[in-house]
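Here is a walk through a two-chain model, written for someone who would rather look at residues than read a methods section. Keep the structure open beside the text and click along.

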Amino acid sequence: MSIANESFRPKIVAFCCNWCSYAGADLAGSSRLSYPADVKIIRVPCSCRVNPMFILRAFERGADGVILCGCHPGDCHYTTGNYYTRRRMTLLFSMLDFLGVENGRTRVEWVSAAEGVKFSATMNEFVETIRALGPNVRLGDLRCRS
Amino acid sequence: MQELRKRAGELLADGTVARVLAWRAGDLPYNPEPAFFETEAELEHLVYDGFCGANLSKLMIEASKLEGKTLVCLKPCDTYSFNQLVKEHRVDREKAYIIGVGCRGKLDIEKIRRQGIRGIEAVEGAELDGPEELTIRTFSGEKKCAYRDAMLERCHVCKGKEHMAYDELLGESRDTKDAERFAEVEAIERMPAKERFAYFQKELSKCIRCNACRNACPACSCRKCVFDSTKFDSEQKANVDSFEEKMFHIIRAFHVAGRCTDCGECSRVCPQGIPLHLFNRKFIKDINTFYGEYQAGTGSDEKAPLTNYTLEDAEPSVVRERG
């Protein structure tokens, strides 16, 4: 089991808001902080741009984990966007949990433009979590698997 | 039924309404269908009995665009959907004349069949003022079945016999609630993740994507639907894999979250018998626990939970912490 897990490189999709988290990722880079290359960042104008369908589609297309980063509540560039995100994602994650999908595969983190350290730490930790969970089987196409 | 026909006839005759939206007998004794009636003569086909489960409020969207008022027959639970549609500006209250019809719970033909009663030719005792027991004529003789045992799941968790909107009331309603609304959801929540997954896998794999749930749902009334978009792989077609089955139902329920009145039409119309209301009810339960009790369609001006927020809302991580 452990051997299989070591060779397993998860695919992680990170939705980052343009104003805080994307800049946070940028800072992590310019500060020479490392985080695994398994994380693929998708820039979105605001965390509330992320439709629940985006997250499901990422899983469909083979993602093993999806993380959504936005400005801290109260700091949204558009004033209130991330408050809506917070409600939507709480409900979506709860529904995925209800359906029996491992609830560690989805996460929301608030990362500001000044938090390069937090960004890299969050990504390192998230990749570790997903690696421990193993490949995403439950939300993919099950017909081809035994 | 006679009273309803008579009253509808009067209102048509004096010009108060231009048409009547009610139920017409279907091709079988237990499948009346929604119908518009424009003349008094047509009203003889109007039926109202225990099988008239169809929620007519969604049809008021089209009727609101027509000339003149439409008389619409709404059961207590349908009025929630109606109010919600008025709130969303999909239905014009001025264009509707609501007769709040009485209800003593609606019947589910599948529940009768599941009791081993097959070859049904006629069902007696389904009227509003009928007896407590149904008499079912089958080709193998007469069978009996308690009215309560044949009721739709939604009637066992009835929201109440009060009409939330009406112009006049006709007929007595009865309280039919005898189960906890969230009991089913809670039972599933208690199962281990693996079992939950297996349960939903089993249920959702029955889906044939007929879109009956989408078409019947009063909250699901956008003119353009994401499931018709060619940009997603989910445009109208059968599910190609188990992912699509789940995605369709998660998104369907998510799009009506906070607006769903829990009318139970999705489960009633599903030809495959998938308990679709579980998804909607799970969202309602979460909304109630995280953001305070909310019932869509009561007619209040309160903002819907997903178009609202507070500074102290729970973080999405509560789901993970809850375990």
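Let's begin in a loop: A:Arg32 sits between helix 2 (21-30) and strand 2 of chain A. Bear in mind that this is a predicted model. The phi of A:Arg32 is near 60°, a positive value in a residue other than glycine. That is worth a look, since most residues other than glycine have a negative phi. Is A:Arg32 buried or exposed? A:Arg32 counts as exposed because it has 8 C-beta neighbours inside 10 Å, and the cut-off for exposed is 12 or fewer.

A:Thr79 also has a positive phi without being glycine, with a value near 70°. Look for A:Thr79 in the loop between strand 3 and helix 4 of chain A. With 9 C-beta neighbours inside 10 Å, A:Thr79 counts as exposed. Glycine turns up too: just after helix 3 of chain A, A:Gly62 takes a positive phi of about 105°.

**The sheet in chain A**

Now for the strands. Chain A has an open sheet of four strands, ordered 2-1-3-4, with parallel pairing. Strand 2 (39-44) and strand 4 (106-110) of chain A are the edges, each pairing on one side only. From one strand to the next, the twist averages 20°. Strand 1 (residues 12-17) and strand 3 (residues 65-70) of chain A are joined in parallel by five bridges. If you want a pair to click on, A:Cys16 has A:Cys69 in strand 3 of chain A as its bridge partner.

Helix 3 of chain A has several buried residues: A:Pro52, A:Ile55, A:Leu56, A:Ala58, A:Phe59 and A:Glu60. What covers them? The cover includes strand 1, strand 3, helix 4 and strand 4 of chain A, together with helix 9 (242-255) of chain B.

That brings us to where the chains meet. The contact takes 31 residues from chain A and 32 residues from chain B. On the chain A side, the elements giving two or more residues are helix 3 (52-60) and helix 4 (81-98). Helix 4 of chain A supplies the largest share of that side, at 14 residues.

**Cores**

Where is the nonpolar packing? The largest nonpolar core has 82 residues, and those with the most contacts inside it are A:Ile12, A:Cys17 and B:Phe283. This core draws at least three residues from each of domain 1 (1-107 + 156-179) and domain 2 (180-323) of chain B. Another core lies apart from it, with 45 residues, among them B:Val17, B:Trp23, B:Leu85 and B:Leu128.

**Chain B**

Chain B has 12 helices and nine strands. Its radius of gyration is 20 Å, close to the 20 Å that the globule rule gives for 323 residues, so chain B is as compact as a globular protein of that length. Along its principal axes, the C-alpha trace of chain B spans about 60 × 50 × 40 Å. Buried residues account for 41% of the 323 residues in chain B. Of the chain B contacts between residues at least 6 apart in sequence, 67% join residues at least 24 apart.

A handy element to look at here is strand 1 (residues 19-24) of chain B, which is mostly covered, with five of its six residues buried. The table gives its pairings.

| Partner of strand 1, chain B | Sense | Bridges | Example pair |
|---|---|---|---|
| Strand 2 (residues 33-37), chain B | antiparallel | five bridges | B:Ala22 and B:Ala35 |
| Strand 4 (residues 70-74), chain B | parallel | three bridges | B:Arg19 and B:Thr70 |

Note on methods: Residues are numbered from 1 along each chain as its sequence is written. Chains are lettered from A and ligands numbered from 1 in the order in which they are written. This is a predicted model: local features need pLDDT of at least 70, side-chain atom pairs count only at pLDDT 80 or more; totals for chains, interfaces and linings use all residues. A nonpolar core is a set of buried Ala, Val, Leu, Ile, Met, Phe, Trp, Tyr and Cys residues joined through C-beta atoms within 7 Å. A residue is buried if 20 or more other C-beta atoms lie within 10 Å of its own, exposed if 12 or fewer, and partly exposed in between; C-beta atoms are placed from the backbone. Domain bounds come from an automatic or database domain assignment. Two strands pair if DSSP finds at least two bridges between them. Axes are lines fitted to C-alpha atoms, for helices over the stretch in contact, and angles run from 0 to 180 degrees between N-to-C directions. The radius of gyration is taken over C-alpha atoms; the globule rule is 2.2 Å times the number of residues to the power 0.38. Two residues are in contact if their C-beta atoms, placed from the backbone, lie within 7 Å.
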